[in-house]
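Hi,

Here's the structure I said I'd pass along. Have a look, and then read on for what turned up in it.

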Amino acid sequence: MEYDGTLTNNESEITEPVDDTLTSDKPRILLMGLQRSGKSSIQRVVFGKMPPNDTLYLESTTKIQKEDVTRSFIDFQIWDFPGQVNFFDMAYDSQEIFGSVGALIFVIDAQDDYSEALHRLFYTVTSAYRVNQNITFEVLIHKVDGLSDDYKIDTQRDVQQRMSDALADAQLEHIHLTYYLTSIYDHSIYEAFSKIIQKLIRELPTLENLLNVLCSNSSIDKAYLFDTLTKIYIATDSSPVDMQSYELCSDMIDVIIDIECIYGAQSASPEGRLSITEENGDYLSDEPRHSNGDLSPVESDSGARLQQRLLDHQKNGHTEAEASSLIKLDNGDVLYMREVNRLLVLICLLRQDNFEKHGLIDYNFQCFKEAVTEVFDFSQRRHTQNR
């Protein structure tokens with residue numbers, strides 16, 4: 001498989017240089033792929049909280065779109081590249097673009113003929129690897145929501161095999177690619193970005209160890225450390241990730257945000273705490289769910305509303321928000337959320353009888369919160385010293 005970088009579909013008409021303002025010492029995540037593969041939609045849904053249906057009206061990207069993402073441990077830039085431009089051409093400084101990249105995400109439209117996309121993927125990966133061998137290469141086999149389960153698996157197997165053969169023929173077997181089946185209409189895109197971003201978090205082993213200790217000492221079945229605004233989990237304990245439990249925990253964020261948007265202002269304390277509790281201190285347990293224990297659907301722009309509320313909260317001089325919530329499911333499980341800091345929450349899944357020892361769980365959480373804060377502070381100091 002070869003791709004010479006030749007521009008097609010009037011690609012040669014776009015030759016503007018990369019804007020100097022895009023340079024930064026933050027780790028970069030690059031979104032690349034052919035036109036209409038879904039790159040901009042992914043960025044807007046995951047990081048801009050745009051409802052998926054609204055992405056149907058997005059225009060094609062004609063220049064690099066950059067967004068700074070600063071969320072607790074998550075601190076990077078995401079660059080959305082136009083699919084019709086060859087950024088390895090002599091007109092561009094490849095070292096400037098790819099030299100400090102943490103991850104390169106290549107998006108393939110699974111509902112289209114992806115032969116050309118595979119050629120571009122091979123050319124992009126091999127060219128970027130020559131510039132920076134530390135890049136992690138991630139492949140999103142995207143728009144799989146309209147495909148059957150068997151066809152999804154066959155498509156992923158075909159893409160992996162063809163790329164593996166191409167790299168082997170070029171004697172580049174040492175280049176490793178990770179593949180994900182994704183869609184903006186379900187949790188798969190958040191799950192994929194969670195795993196991608198975790199590779200860029202140096203503190204991940206420490207966070208996982210802290211979560212393991214918390215779970216073992218508190219009889220917690222599964223725990224996730226979520227970034228509130230993106231619904232990306234930056235760490236989880238070492239037990240296998242079950243998609244159903246992950247989806248429940250992810251949906252809980254939307255449910256709690258929706259409830260806060262309705263009742264939060266009335267229950268805010270004089271000190272400015274954003275508490276998701278009733279006035280008498282009992283845990284709020286509206287239990288929005290279906291008969292099978294799943295959470296009810298919620299609006300997809302909840303994160304954007306929360307972000308605006310937090311900004312308003314800060315402007316009013318309030319202290320950092322702290323919140324907690326409890327949701328009981330029909331199957332006897334409990335979803336328990338505690339806020340670690342303004343934009344980071346811990347969501348745990350455990351049996352209801354184990355939650356009877358909630359005093360012990362709360363004490364262990366405070367120890368966990370203090371440890372995470374120390375890790376975060378140490379990371380910030382080290383980052384400042386290395387600048």
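A quick definition before the findings: a residue is called buried when its relative accessible area is under 20%. Also, please keep in mind that this is a predicted model.

Let's start with strand E4, residues 101-109. Nine of its nine residues are buried, so the strand is largely enclosed by the rest of the structure.

What does E4 pair with? One partner is strand E1 (residues 28-33), which runs parallel to E4 and is joined to it by six bridges. In that pairing, arginine 28 sits opposite valine 101 of E4. Another partner is strand E5 (residues 136-142), also paired with E4 in the parallel sense, this time over seven bridges. There you'll find phenylalanine 106 facing valine 139 of E5.

E4 and E5 also belong to a β-α-β unit: together with helix H3 (residues 115-131) they make one that is right-handed.

Now for a helix pair. In general, two packed helices are described by the angle between their axes and the distance between the axes. For helix H1 (residues 39-48) and helix H5 (residues 188-198), the axes come within 11 Å and cross at roughly 80 degrees. Since angles of 65 to 115 degrees count as roughly perpendicular, that makes H1 roughly perpendicular to H5.

Which residues make the contact? From H1 they are Ile42, Val45, Val46 and Phe47, and from H5 they are Ile189, Tyr190, Phe193 and Ile197. Sorted by class, that contact has eight nonpolar residues, with no polar and no charged ones.

Cheers

Note on methods:
Residues numbered from 1 in each chain as written. Predicted model: local features only at pLDDT ≥ 70, side-chain atom pairs only at ≥ 80, totals over all residues. Heavy atoms only, no water. Buried < 20%, exposed > 50% of the residue type's maximum accessible area, 1.4 Å probe, protein only. Helix = DSSP H or I, 4+ residues; strand = E, 2+ residues; numbered from the N terminus. Pairing = 2+ DSSP bridges. Right-handed = clockwise from strand over helix to strand, strands pointing away. Axes fitted to C-alpha atoms, helices over the stretch in contact; angles between N-to-C directions. Parallel < 35°, antiparallel > 145°, perpendicular 65-115°, else oblique. Contact = heavy atoms within 4.5 Å. Nonpolar A, V, L, I, M, F, W, Y, C, P; charged D, E, K, R; others polar.
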